[in-house]
Amino acid sequence: MPPRLAFDHIAVSAASLEAGVAHVRACLGVEVPPGGAHPKMGTHNHLMRLGENEFLEIIAVDPAAAAPKHPRWFALDRNRTAPPRLATWVLRTNDIDAALAAAQPSLGPATELTRGNLHWRISVPDDGAMPFEGAHPTFLEWPPGPLPGAAMPDLGCRLVGISVHHPNAGEIAERLAPFFADDRVTFVPDDEIRLTAEFETPNGPRRLS
């Protein structure tokens, strides 16, 4: 029996952090503060809390970092000029090896990542792509102890729901059903592949895609 999975965070990818922050500002009306850098991937991010242990991440290639010898995560190498978008969602587990062994199709190996003093393991395909173009969640395992989302800046935004649009949305839902359940996540069969998230914010209900 694979371990249970829980919602952890959503990720907005962008050609630059400035573009990503501006996109979230336009959608949600908040200014997401800086997070840190990921030396292994040559990326950096901005972060904000969405709830007790959930958060939103804006991620982009770090122009000040050396280019890695492997593809960057979140398909960032493929989308260097793409407009900012809600790229994928991430589920956490206390046993990523068991979760990945149960996952179909393969989500890639569990890769050790760091940001400052924080370290974790996350599924990253060898080609840096995202399963089902981001419609299938990435898996992540934090180290024991408090979850990092709880310590991030809280700008008063809360995730209400996320819609996963994909031609094979039903298949994705079926694959996740044995070990993940969250009423906020809706799977929508659609020829267009996209994610849409609904929020309560200090500026009222807002949408991010």
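This is a predicted model: local features need pLDDT of at least 70, side-chain atom pairs count only at pLDDT 80 or more; totals for chains, interfaces and linings use all residues.

Visitor: Which residues of helix α3 are buried?

Guide: Helix α3 covers residues 169-176. Looking down its axis, the buried residues sit within an arc of 60 degrees, so they line one face of the helix. The residues on that face are Ala169, Ile172 and Leu176.

Visitor: In which sense do β9 and β10 pair, and over how many bridges?

Guide: One place to look is His166, which stands opposite Pro189 in β10. The pairing of β9 with β10 is parallel, and the bridge count is 5.

Visitor: How many bridges join β9 to β11?

Guide: Here the strands β9 and β11 run antiparallel. Take Arg158, whose bridge partner in β11 is Glu200. For β9 and β11, the number of bridges is 7.

Visitor: Which element gives the most to the largest nonpolar core?

Guide: That core has 40 residues, and those with the most contacts inside it are Ile10, Leu28, Leu56, Trp89, Phe139, Phe199 and Leu208. Elements that give two or more residues to it include β1 (6-13), β4 (55-61), α2 (96-102) and β11 (194-201), as well as α3. The top contributor, with 5 residues, is α1.

Visitor: How many residues are in the other core, the one that lies apart from it?

Guide: Some of its members are Ala11, Leu47, Val90 and Trp120. The count for this other core is 20 residues.

Visitor: How many disulfides does the structure hold?

Guide: A disulfide needs two cysteine sulfur atoms within 2.5 Å. For Cys27, the nearest cysteine sulfur is that of Cys157, and it is 11 Å away. Cys157 is in no disulfide either. The number of disulfides is 0.

Visitor: Is Cys27 buried or exposed?

Guide: The cut-off for buried is under 20% relative accessible area. Cys27 has a relative accessibility of 17%, so this residue counts as buried.

Visitor: What is the relative accessible area of Cys157?

Guide: Cys157 is another cysteine on the buried side of the cut-off. Its relative accessible area comes out at 0%.

Terms used. Residues are numbered from 1 along each chain as its sequence is written. Side-chain values use heavy atoms; hydrogens and water are left out. Buried means under 20% relative accessible area, exposed over 50%, partly exposed in between (1.4 Å probe, protein chains only). Helices (H or I, at least four residues) and strands (E, at least two) are DSSP runs, numbered from the N terminus. The arc is that of the directions from the helix axis to the C-beta atoms. A nonpolar core is a set of buried Ala, Val, Leu, Ile, Met, Phe, Trp, Tyr and Cys residues joined through side-chain atoms within 4.5 Å. Two strands pair if DSSP finds at least two bridges between them.
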